[in-house]
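This report sets out the overall dimensions of a protein model and then turns to a single residue. The sequence and structure are shown first.

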Amino acid sequence: MGHFKVNQKDIFFILKDQLNYGRLCTLDRYKDLNEKTLDMMVSEAISFARGVLDPLNEIGENQGLTFNNGRVLCPPEFKKAFRQYGADGWTAAARDPEYGGQGFPHMMRIVVNDMMYGACQAFNMAPSLTHGAAHLIESFGGNDLKKRFVPKMFNGEWAGTMCLTESNAGSNLADIQTTAYREGDHFKIKGTKVFISWGEHDLTDNIIHLVLARIDGAPAGVKGISLFVVPKVRVHADGTLGEANDVVCGSIEKKLGLHASPTAVLNFGAADGCIGYLCGKENNGLAHMFQMMNAARINTGVSGMTLAGTAYRNALEYARERIQGRDVAGRKEGGVAIINHPDVRRMLLWMKAMVDGMRSMIYTGAYWIDMFLEMSDGKEKDHYQNLVDFTTPIIKAYCSEMGFRVCETAIQCLGGYGFCKDYPLEQYLRDAKIMSLYEGTNGIQSMDLMGRKMTIRDGGPFNAFKSEIDQFCEKHREHAELGDKVQTLAGVAARLWEAAGEMKHRLTADPLQWASYTYPALMAFGEVAMTWRLLDMAIVAYPSSLKKGKESDFYKGKVMQAAFFADMTLPHTLATIGTCCRHGREIIEIPDNAF
């Protein structure tokens, strides 16, 4: 039996019972679909993840990568899986059929990634990046670029990347030095990019890089950045491959985790032979790239959550089977499975709540994406846009941070065995750590949340999120079983809204003090969002939890995990909120030499 573990019933409870995702089929774009078709896709994604991708996790970890003379060789099983992934339609599941897509809702791409990243994080980055790069061309490229590149990227013949980072321009992309020189209908590209995930490999005959560069003579800063399509191998107008395009891998990084995912240094145009094609408008490249970056931020949260999910399930299986110690209350004679020990049960229940809450938060955000993109113009569409904008940094930062913590807790459940390679948990922990660093560190996400997302559109994103929480609390504050938890959430949320207003004032009045506490503020927003989603699930599950028989245990679990999480988390959330508005200035004023 493979390492990847997921409870399909948990998935469908969120999708069907909590979100009623079949309602998406009432949108015009999905009018030819129905909920049964969506259900089938989810089930097939789980089967594909278990059957095709699960074995790659151990293969990739054991074999790793080979770098020699500018080439990266991957385990051969990866190449076969990549082609099958594209050919079976997973890469372009949510894209338009015109270029080979399946036409499913946008949220299904996120649900699919939940399964695929959980089965093999290192591998699934390759088709996920390919999808994002192809979708950029599909969205902003001219018809020639779309026809030449997109179909073969969607079907798994070619791969794709995004190339932003440079050695002296990480989070601050305004300082990029890669330059594009006009030459007829294309540009000559010169520069070096670093930390390029899947920037070089042998899975495909071609890799299509989406590169940020500054056209020679363009304005300085972010306003002078453009986006270019730069293939590893030149592509003729008829789609056939030509000569190498002077894109050379200088090295790959030696990393803590993701040992089967090459992270490359790429040199463009060292021999003056690299050509690229403008994608979208000149000097608007960063705005274009943000489409892929925002999707990547959500997928980073997905990765943290799904690694946490399979870590929890592995720990649960171990706890049910591992006999160790006596029952503390003497309820059973002899040795007992460690799931009987209260401290182990505490860890299991916390992990269960964390995974379910993060998954609900992500799926809810994914549902909002479809409502925003596919609804007709109006206030409701604007509301969903605001919700997506506000929750994206929360999903990215909170789920990547807490996904790592769940992996850590899963190791703790196994004791000494959790530290050993006999079980996959230590790999999950190493693979998960990068998620808090990817796509803008979590500190940067917190500044985005408490800065731009609090102020754009006259505070629209914050107000949309606030209204969702407030309406939920008002509706359910008298619930028979969970009303007291809802009221506690309402009180903590009200304090968070006040603190957010104070921090918004500090953004301009005292920016150093503001920036010192954006991270704990984001985590407080994450905990409020988590409690909301867990209580919402619990309220949906409550009637079924009252039925007799073992079938009600599943629903009791939803109710109990919400009550536990609310009681154990919200008091800490309240304390965290208090720290965000403290007046102490130690962070700012401590001398550098005092550290």
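## Contacts and basis of the model

Residues 24 or more positions apart supply 74% of the protein's contacts with a separation of 6 or more, a contact being heavy atoms within 4.5 Å. The model is predicted, with local features requiring pLDDT of at least 70, side-chain atom pairs counting only at pLDDT 80 or more, and totals for chains, interfaces and linings using all residues. Residues are numbered from 1 along each chain as its sequence is written, and side-chain values use heavy atoms, with hydrogens and water left out.

## Overall fold and dimensions

The protein contains 17 helices and 14 strands; these are DSSP runs, with helices (H or I) of at least four residues and strands (E) of at least two, numbered from the N terminus. Along the principal axes, the C-alpha atoms fill a box of roughly 80 × 60 × 55 Å.

Of the 595 residues, 59% are buried, that is, under 20% relative accessible area with a 1.4 Å probe, protein chains only.

Ser360 lies in helix 8, which covers residues 342-374. Because its relative accessibility is 0%, Ser360 counts as buried. Leaving aside neighbours within four places in sequence, Ser360 is in contact with Ile14, Gln18, Arg533 and Met537.

Which side chain is joined to that of Ser360 by a polar contact of 2.9 Å? The partner is Gln18. The side chain of Ser360 also makes a polar contact of 3.4 Å with the side chain of Arg533. A polar contact is a pair of N or O atoms within 3.5 Å; within protein, one must be able to donate a hydrogen and the other to accept it, and residues adjacent in sequence count only if both atoms are side-chain atoms.

Note on methods
Buried < 20%, exposed > 50% of the residue type's maximum accessible area, 1.4 Å probe, protein only.
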